[in-house]
Amino acid sequence: MIRALTGFSTRRPWRVIALWAVIGIFVSVLGQVLVFRVTQTDSAGFLPAEYDAAAALRVAEEKFGAEPGADVVTVLVARRDGRPLADSDRRRVGEVARRLSAEHVKMPWADEQIPGLSRDYSQVPRVALSMTAPDGSFALLSARLRGNPTDPGLHALYRAFSDRAEKEFGDAGLRTGFTGGLADTVDRADAEKTTQTVVGALMVGLIVLVNVLVFRSVLAALIPLFAVSVVGGAAAGTVVGAALLTGFDLDPGTPGLIGTVLLGIGVDYFLFLLFRFREELRRRPEAHHRVVAADVAGRVGTAVTSAALTIVAAFATLGVARFGQFRVLGPAVAVSVLVMLVASLTLMPALLAVAGRRMFWPSRSLKKAERPGLAGRTGELVARRPLLVLTASVALLGALAVGATGVQMDFSTGGAPRDTAAAATAREIARVLPSGVSDPTTVYVTAGDGRALDVAALGGLPRALAQVEGVGRVGSPVFSADRTAVRWDAYLTEDAQSQRARDLVAGPVREAVRKATPAGSTAHVGGTAAVFADVATAVDEDLRTVFPVAAALIALILLVLLRSLAAPAVLMLAVGLCFAATFGASALAFQHLGGEPGVNFVLPLVLFLFVVALGTDYNILISDRLREEMARAGSTRAAVARAVRHTAPAIATAGVVLAASFGSLGVNADPSTRQIGFATALGILLSAFVLSLLLVPAAAALLGRGMWWPMRGGSAGSARRTGSASTEPEGVSVGHPRSYPGHAPLGTSVGTGEEASAVYGPADADGPYRTADRLVHRTARRTAHDDG
């Protein structure tokens, strides 16, 4: 199957390229437009139905008409001269609020929107007076706008509404400020726009620079980046389309994470092909480049497929998670990686077949013999001092892992940067009112038998809430239309997104509500602090489930792929230690030294999956090369030196590119995104440079051919069966995931007829040669015909 795809792509490269260009660009644009139809920002919507915050959300929707897609903005109104509001000012505030609630706000169309496909958020906002400060310094209004708060269309609508409100109140001699919800989101997006543009440009520039330095070629730097960008957009569009068809909602961060993942692994896979392609062109200067492209793509495609399927399997385990945000993230990443895999087997080989030797122009590297360099010295060091290298690697990773001691989870969503207008308005409110006034914790009580609630019987509940330390104020009761439900807003003295607020709600608040709820009634606690308290519980349960399932599945894949018991054990121990080291270093950087409340709650799971899956990718590549080199006659340590020498450039370059891709998230203003970017980049660098180039080869040097027990793939007899010892020069073998009896080693010139029979063996029942080998010969004949 793999060789069929790569063979067709190298025979018909222009068709494959044109097909990807048309479909890829179309799906990419469509996905960017429709992504906001399948994303939701309410974490309560991802909670299992039995959780308290999820039940509170259902009561709010069913009894009080709460709209899941509504976003509340807090509007501060005050006098320009700083004096308290007079009675006449308060009347003006009420009048303007009523006018704003009656006027239709038309959404200005943003440049990135397409009428007919993008949503039109034009609407009449619901504006109401919430409260007046005790000292009369300002009044607070709540403005409810419906829509996806991450959609640029709703951002444009908010700006139109805020401009109108500012003008209306300004005409009345009053000033305004906006904070909370959508106001924070828009201000954060505006503040980060320039930073994200600069960081994106620097990341792309770094990837191009690394490739130029490695290959000394402009085409080898630009073509992979262009191809991966098209495929990445197509993959994200495919995920959006799948979500639309299945009715699943995505977390707003998922599309961005997919783009980052695919940019990194896509360039990685292209680099693996380019390194092998260049190596083969050096060794076979007389061969046609399409024949070489077909041969390399077919063989490297096996390793790339194994690596990609490892990532897919790792993220597929998220399907067993209970927290919906995780359960949706897994399939989304898995689908996108599968799309990139198809591109690696079709588009990338087609580009190699078209570009040929021009891919490396103007470099003269194809005419020069490969020099060992730093990679060769590293391989010699590992082979000469394997115990020292292994001990030093384990000591380094173990020292970093100690940082995980005392780690705590942080569930904050980041908030707005302190220098934005929304943050300044929030600080002005907090000087007079409790910190949680713009984001209250809400208690809902419903009658169990559908009867009307007795106000007198419920009086003890608000009194019990008010006595809880950390609750600054309890609002007046609000009854549902049929009086079978009642709501109280409790304003905490802590920021609703802080760890202290979550601890307060999860403990004393819920305990007080439980004790004060009359018999025959049911109470639920909702709001931001309550949602994240429940998210903490759900995530903790998922971590205990997903970790062992993912580890077991990856171990099974390694067993099948490597056909060994010892090698998978070594690799799993290595990636497990790498995960512990990365997690410990992240806790040290952000919690112990950085002063943050803890590490983001999604970091352990995302880090585990990425570090284990991507780290296993690099380990698969080095293990394949180690196995092939050990199949040759000679000492195992010499085989280790050769494997490191030939594999190090590809793994090192790929690791730097992938780390740069994730590292671009490290400058994000959102603490959770920043932590994920830093930790994942560090984990990838440790996987590439410590695990794959030092620890695993050192373990292989110590274990020798016993690393492949119980198979005999490392025996000299195997080497003689594959012919590698007699046909490949020392130190220039091209890696292949496995050595198959009857297959010519990569780099052997193959003709037709008797010459081919001499290399591939006698004809079998299926035809003159094996199917995979016939593709190479068919490519050569077709290329000769096309070239006239």
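This is a short tour of the structure, stop by stop, with something to select at each one.

**Before you start**

This is a predicted model: local features need pLDDT of at least 70, side-chain atom pairs count only at pLDDT 80 or more, and totals for chains, interfaces and linings use all residues. Residues are numbered from 1 along each chain as its sequence is written, and side-chain values use heavy atoms, with hydrogens and water left out.

**Stop 1: the strands**

Select residues 70-79 and 139-146. These are strand 1 and strand 3, which pair in the antiparallel sense over 8 bridges. Strands here are DSSP runs of E with at least two residues, helices are runs of H or I with at least four, and both are numbered from the N terminus. Two strands pair if DSSP finds at least two bridges between them. Click Val 72: Arg 144 in strand 3 stands opposite. Now find Arg 126, whose bridge partner in strand 3 is also Arg 144. Strand 2 and strand 3 run antiparallel and are joined by 6 bridges. Their hairpin has 6 residues between the strands, and Gly 136 takes a positive phi near 70° there.

**Stop 2: salt bridges**

A search of the whole structure finds 25 salt bridges. Each is a side-chain nitrogen of Lys or Arg within 4 Å of a carboxyl oxygen of Asp or Glu.

Select Arg 510 and Asp 52. Their closest N and O atoms are 3.1 Å apart. Arg 510 lies in helix 16 (residues 499-516) and Asp 52 in helix 3 (residues 52-64), so the pair ties together parts 458 residues apart in sequence. Is Arg 510 buried or exposed? At 17% relative accessibility, Arg 510 counts as buried. The cut-offs are under 20% relative accessible area for buried, over 50% for exposed, and partly exposed in between (1.4 Å probe, protein chains only).

Stay in helix 16 and select Glu 511 and Arg 514, 3 residues apart, about one turn of the helix. Their side chains meet in a salt bridge (2.5 Å, N to O). Glu 511 is partly exposed at 31%, while Arg 514 is exposed at 53%. Next, select Glu 280, Arg 283, Arg 284, Asp 295 and Arg 299, which salt bridges with shared partners join into one network.

**Stop 3: helix 13**

Select residues 386-401. Helix 13 has 16 residues and reaches 22 Å from its first C-alpha to its last, close to the 22 Å expected. The expected span is 1.5 Å times one less than the number of residues.

Which residues of helix 13 are buried? They are Pro 386, Val 389, Ser 393, Leu 397 and Ala 401. These residues cover an arc of only 105° around the axis, which puts them on the same side of helix 13. The arc is that of the directions from the helix axis to the C-beta atoms. Leu 387, Leu 388 and Ala 399 are exposed on the other side.

**Stop 4: the cores**

A nonpolar core is a set of buried Ala, Val, Leu, Ile, Met, Phe, Trp, Tyr and Cys residues joined through side-chain atoms within 4.5 Å. The largest has 186 residues, and Ile 265 and Phe 662 are among those with the most contacts inside it. Helix 19 (residues 603-630) gives the most to this core, with 17 residues.

Center on Ile 265. Leaving aside neighbours within four places in sequence, Ile 265 is in contact (heavy atoms within 4.5 Å) with Ile 311, Val 337, Met 340, Leu 614 and Leu 658. Finish at a second, separate core of 27 residues, which includes Ala 97, Tyr 121, Leu 182 and Val 186.
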